Amino acid sequence: MISEELKQKNFNLFLTKLRNIGIDLTNIDANLASKITNATFAINAENNCAYDGSMLHIVLRTLTPFALKINELLPENIRVDNNSIIKVCLLSHISKSEMFVKNDNQWEIEKRGILYKYSPTNVALKMGARSILMSQNLGINFSNEEFEAMMILDRDDNDLQAKFYSNPLSIIIKQANELTFLQN
């Protein structure tokens with residue numbers, strides 16, 4: 001668990017980092033801001049990523065640094081612009097703010113460790129597609145490479161097109177997410 005003060009600090013850092021790369025969310029709806037501030041990174045207790053405020057905390061302090069470090073390790077001719085990495089890292093998980101709600105089923109919490117559940121919705125979009133939609137509703141656009149990277153976690157592991165033809169940004173984002181789950 002993290003304090004309300006740290007959650008607010010993380011949200012302010014999220015806004016600052018976006019502003020630093022040219023994205024201004026000063027007019028973000030207060031309800032959405034609260035949802036993003038309190039969103040969980042995962043639903044299951046067993047991986048230590050399921051708690052109020054974990055989404056921003058993990059994205060800012062684990063996922064983004066991993067992605068930037070992976071990029072730094074690449075040969076110069078395939079490195080990606082750091083601003084694109086930051087943009088995709090910060091925005092690719094925002095859909096979790098609307099996808100997950102606290103679980104009120106005590107049996108599932110106690111026996112299965114499912115602290116959050118999927119919220120009811122009328123659209124069947126995976127995380128990346130939903131995050132793109134939310135971002136576009138906030139006036140944020142993506143380059144082709146950023147769009148692909150936003151969608152990379154929605155793709156199946158046996159998707160050969162994604163496996164062999166993804167752009168470097170997508171590969172960095174996928175690897176950083178894998179390392180993030182290992183870390184936590």
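Mentor: Let's go through it term by term.

Trainee: What kind of model is this, and how are the residues numbered?

Mentor: This is a predicted model in which local features need pLDDT of at least 70, side-chain atom pairs count only at pLDDT 80 or more, and totals for chains, interfaces and linings use all residues. Residues are numbered from 1 along each chain as its sequence is written, and side-chain values use heavy atoms, with hydrogens and water left out.

Trainee: What is the mean pLDDT of the protein?

Mentor: pLDDT is the predictor's confidence in each residue, from 0 to 100. The mean for the protein is 90, and 95% of its residues reach 70 or more.

Trainee: What makes something a helix or a strand here?

Mentor: Both are DSSP runs, numbered from the N terminus: a helix is H or I over at least four residues, a strand is E over at least two. Helix 1, for example, covers residues 4-20, and E4 lies in it.

Trainee: Why is E4 called exposed?

Mentor: The cut-offs are under 20% relative accessible area for buried, over 50% for exposed, and partly exposed in between, using a 1.4 Å probe and protein chains only. E4 has 55%, so E4 is exposed.

Trainee: How do you know that E4 and K7 make a polar contact?

Mentor: A polar contact is a pair of N or O atoms within 3.5 Å; within protein, one must be able to donate a hydrogen and the other to accept it, and residues adjacent in sequence count only if both atoms are side-chain atoms. The side chains of E4 and K7 are joined by one of 2.8 Å.

Trainee: Why is N103 called buried?

Mentor: Its relative accessible area is 7%, so N103 counts as buried. N103 sits in the loop between strand 1 (100-102) and helix 6 (106-112). A polar contact of 2.8 Å joins its side chain to that of E108, and the side chain of N103 also reaches the backbone oxygen of I114 at 2.9 Å.

Trainee: Which residues does N103 touch?

Mentor: Contact means heavy atoms within 4.5 Å. Not counting residues up to four places away in sequence, N103 touches E108, I109, I114, L115, Y116 and K117.

Trainee: Is S119 buried or exposed?

Mentor: S119 has 16% relative accessibility, so S119 counts as buried. You'll find S119 in the loop between strand 2 (116-118) and helix 7. Leaving aside neighbours within four places in sequence, S119 is in contact with E98, M99, F100 and V101.

Trainee: What makes R155 partly exposed?

Mentor: The figure for R155 is 26%, so R155 counts as partly exposed. R155 lies in the loop between helix 8 and helix 9.

Trainee: Why is helix 7 described as largely enclosed?

Mentor: Eight of the 11 residues of helix 7 (residues 127-137) are buried, so the rest of the structure largely encloses this helix. The buried ones are M127, G128, A129, R130, S131, I132, M134 and S135. Their cover includes helix 2 (30-38), helix 4 (82-91), helix 5 and helix 8 (144-151).

Trainee: What is the relative accessibility of G128?

Mentor: G128 is at 0%, so G128 counts as buried. Not counting residues up to four places away in sequence, G128 touches M150, M151 and D154.

Trainee: And where is S92?

Mentor: S92 is in the loop between helix 4 and helix 5. At 2% relative accessibility, S92 counts as buried. Beyond four places in sequence, S92 touches M127, S131 and M150.

Trainee: What makes a set of points a pocket?

Mentor: On a 1 Å grid over the protein atoms alone, a pocket is an open set with protein on both sides within 12 Å along at least five of seven lines, whereas a cavity is a set of points where a 1.4 Å probe fits but cannot get out; lining residues have an atom within 4 Å of a point. Grid points are joined across faces, edges and corners, and a volume is the space filled by probe spheres set on the points. The largest pocket holds about 410 Å³. Of the 19 residues lining the largest pocket, H93, K96, M127, L153 and F181 are the closest to its centre.
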